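I opened my notebook to record what I looked up in this model, one entry at a time.

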Amino acid sequence: MAPLIALVVGTALARLAGLAGITALDGWHPALRVGLALMFVLTGVAHFVGQRRAGLIAMVPPALPRPALLVTLTGVLELVGAVGLLVPATARLAAAGLGLLMLAMFPANVSAARRGLTLGGKPVTPLGPRTALQIAFVATAAVISFGP
């Protein structure tokens with residue numbers, strides 16, 4: 001739920017900043033870029049921090065090799081993508097790349113839900129709500145990638 005909160009609150013605060021006169025944030029499209037970037041900073045950092053990292057490594061489907069390396073790689077891609085979202089010249093490409101990354105990582109979420117794993121000491125999000133969240137996140141990336 002924290003990624004959704006980061007996306008919504010980050011977008012809302014960026015939009016308010018735009019309305020308050022910060023021209024770089026004037027409009028929903030730039031506000032969405034900030035919200036999605038904030039979400040990916042939050043999720044990207046989790047790839048490197050203590051109990052969250054261990055949980056993410058456990059989420060990697062058993063058939064995939066070197067789960068720790070995959071978690072590190074995806075964390076780096078999330079953080080680089082977050083920076084890319086904030087640069088107008090790279091925002092569309094970053095959003096498209098992050099959308100594809102989310103689709104590529106979704107099987108790990110399915111696997112984790114089916115195996116009843118925990119993340120940060122709490123059960124992973126059940127498959128139904130996780131799928132809905134994933135659709136919302138990918139749709140946000142698509143709006144940024146293909147929007148105005």
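Does threonine 74 count as buried or exposed, and what is its relative accessibility? I noted that threonine 74 counts as buried because its relative accessibility is 15%, where buried means under 20% relative accessible area, exposed over 50% and partly exposed in between, with a 1.4 Å probe and protein chains only.

Before going on, I wrote down that this is a predicted model, in which local features need pLDDT of at least 70 and side-chain atom pairs count only at pLDDT 80 or more, while totals for chains, interfaces and linings use all residues. Residues are numbered from 1 along each chain as its sequence is written, and side-chain values use heavy atoms, with hydrogens and water left out.

Next I placed threonine 74 in helix α4, residues 67–86 (helices are DSSP runs of H or I of at least four residues, numbered from the N terminus). Not counting residues up to four places away in sequence, I found that threonine 74 touches His47, Leu101 and Met105, contact being heavy atoms within 4.5 Å. I also saw that threonine 74 and methionine 105 are 31 residues apart in sequence, yet 8.5 Å apart in space from C-alpha to C-alpha.

Then I turned to another residue, methionine 39. Leaving aside neighbours within four places in sequence, I listed Pro3, Ala6, Leu7, Met102 and Phe137 as the contacts of methionine 39.

My last entry concerns two helices, α2 and α6. I recorded that His29, Leu32, Arg33, Leu36 and Met39 in α2 meet Phe137, Thr140, Ala141, Val143 and Ile144 in α6.
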